[in-house]
Amino acid sequence: QTHRWLFLMRADGRYENTWGFVGGKSEGAETPIQTLHREIAEEIGTNIPQVEKIIPIEKFTNNNFEYHSYVCVVDKEFIPVLNEEHKGYCWTEIDSWPKPLHPGVFSSLAIDVIKQKIATIVAVI
């Protein structure tokens with residue numbers, strides 16, 4: 001309804017106090033979508049609105065891992081139940097994100113193709 005995006009503030013580790021999204025590594029033989037659903041449940045709880053759409057945005061690969069990024073569309077904003085990995089959240093316009101961003105999120109949001117995909121999603125939804 002609001003076209004706003006959920007950002008989470010990291011609570012620990014090397015990127016403490018930076019803003020990012022739900023995310024994490026696959027466990028065992030999980031598919032990227034299975035990982036997405038598990039990470040959503042772990043990091044923001046299970047009492048959230050149903051995910052209406054899952055839209056792939058990016059697949060980043062380096063020597064050590066693959067990172068898949070998705071936009072998950074819900075029909076309304078909600079209050080997430082954060083786990084120990086995060087200490088804050090905010091809903092904001094995509095072009096007014098909180099600072100500082102997690103370096104990986106910052107890099108992704110600076111890529112023209114990703115910016116175009118996000119603009120298209122916002123225009124269509």
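**Figure 1. Contacts of Glu39 in a predicted model.** Glu39 touches Val22, Gly23, Gly24, Lys25 and Ile44, leaving aside residues up to four places away in sequence. Contact here means heavy atoms within 4.5 Å. Glu39 lies in helix H1, residues 32-44. Helices (H or I, at least four residues) and strands (E, at least two) are DSSP runs, numbered from the N terminus. At 6% relative accessibility, Glu39 is buried. Buried means under 20% relative accessible area, exposed over 50%, and partly exposed in between (1.4 Å probe, protein chains only). Residues are numbered from 1 along each chain as its sequence is written, and side-chain values use heavy atoms, with hydrogens and water left out. Because the model is predicted, local features need pLDDT of at least 70 and side-chain atom pairs count only at pLDDT 80 or more, while totals for chains, interfaces and linings use all residues.

Figure 2. The whole structure holds 10 salt bridges. A salt bridge is a side-chain nitrogen of Lys or Arg within 4 Å of a carboxyl oxygen of Asp or Glu. Glu30 and Arg38 are joined by one, at 2.6 Å from N to O. Arg38 is buried, at 15% relative accessibility. Lys59 pairs with Glu66 in another salt bridge, with the closest N and O atoms 3.5 Å apart. Lys59 is exposed, with a relative accessible area of 52%. Glu66 is partly exposed at 45%. Through shared partners, salt bridges join Glu27, Glu30, Arg38, Glu39 and Glu42 into one network.

**Figure 3. The salt bridge between Arg4 and Glu77.** The closest N and O atoms of Arg4 and Glu77 are 2.7 Å apart in this salt bridge. Arg4 lies in the segment before strand S1 (5-10) and Glu77 in the loop between S4 and S5, so the pair ties together parts that are 73 residues apart in sequence. Arg4 is partly exposed, at 36% relative accessibility. Glu77 is also partly exposed, with a relative accessible area of 27%.

**Figure 4. Aromatic pairs.** The structure holds three aromatic pairs. Rings of Phe, Tyr and Trp (its six-membered ring) pair if their centres lie within 6.5 Å; planes under 30 degrees apart count as stacked, over 60 as edge-to-face and the rest as tilted. One of the pairs joins Phe60 and Phe65, with ring centres 6.1 Å apart and planes at 50 degrees, so it is tilted. Another pair is Phe78 with Trp91: the centres are 5.3 Å apart and the planes at 80 degrees, so this pair is edge-to-face. The Phe78 and Trp91 pair links distant parts of the chain, 13 residues apart. Phe78 sits in the loop between strand S4 (66-74) and strand S5 (86-92), and Trp91 in strand S5. Phe78 is buried, at 11% relative accessible area. Trp91 is buried at 15%.

**Figure 5. A nonpolar surface patch.** Phe60, Phe65 and Tyr67 form this patch, with about 270 Å² of accessible area together. Patches are made of residues with over 30% relative accessible area and no salt bridge; like charges are joined within 9 Å, and nonpolar side chains (Val, Leu, Ile, Met, Phe, Trp, Tyr) within 5 Å. Accessible areas come from the Shrake-Rupley method with a 1.4 Å probe; for residues, only the protein chains shown count as cover. Phe60 is partly exposed at 40% relative accessible area, and Phe65 is partly exposed at 38%. Tyr67 lies in strand S4 and is partly exposed, at 33% relative accessibility.
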